[in-house]
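Please consider the sequence and model shown here.

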Amino acid sequence: MQHIQGISRQQMRFSSLEDAISADNQVRFIDAFVTFLDLEKLGFAVTSIKSEGRPSYNIKVFLKIYLYAISMD
């Protein structure tokens with residue numbers, strides 16, 4: 001059985017996601033647009049379900065993913 005070979009751990013690499021995305025990429029517009037939206041005025045409500053378990057993600061993250069996905073069509 002073959003396994004996926006990872007990148008050598010001995011290799012040094014310094015980079016970030018910001019460096020990988022060009023300045024004119026549409027994802028930057030989507031990020032800025034959603035960041036400045038007031039989602040409560042648009043009818044979105046964030047509720048806390050329970051104190052146990054893992055905390056939920058910010059709903060703005062899901063909106064950014066959704067808008068990016070539909071913009072790829």
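The questions and answers below concern this predicted model.

Q: What makes the aromatic pair of F29 and F33 a stacked one?
A: The ring centres of F29 and F33 lie 6.0 Å apart, with 20° between the planes. Rings pair if their centres lie within 6.5 Å, and planes under 30 degrees apart count as stacked. The structure holds one aromatic pair.

Q: Where do F29 and F33 lie?
A: Both residues belong to helix α2 (residues 26-35), where they are four residues apart, about one turn of the helix.

Q: Why is F29 called exposed?
A: The relative accessibility of F29 is 60%, and exposed means over 50%; F29 therefore counts as exposed.

Q: Why is F33 called partly exposed?
A: F33 has a relative accessibility of 43%. Buried requires under 20% and exposed over 50%, with partly exposed in between, so F33 counts as partly exposed.

Q: How do you know that I65 is exposed, and in which helix is its place?
A: I65 has a relative accessible area of 52%; the cut-off is over 50%, so I65 is exposed. Its place is in helix α3 (residues 59-71).

Q: What is the pattern of the protein chain, and how much of it counts as buried?
A: Read along the sequence, the pattern is α-α-α, with three helices and zero strands. Of the 73 residues, 5% count as buried.

Note on methods:
Residues numbered from 1 in each chain as written. Predicted model: local features only at pLDDT ≥ 70, side-chain atom pairs only at ≥ 80, totals over all residues. Heavy atoms only, no water. Phe/Tyr/Trp six-rings, centres within 6.5 Å; stacked < 30°, edge-to-face > 60°. Helix = DSSP H or I, 4+ residues; strand = E, 2+ residues; numbered from the N terminus. Buried < 20%, exposed > 50% of the residue type's maximum accessible area, 1.4 Å probe, protein only.
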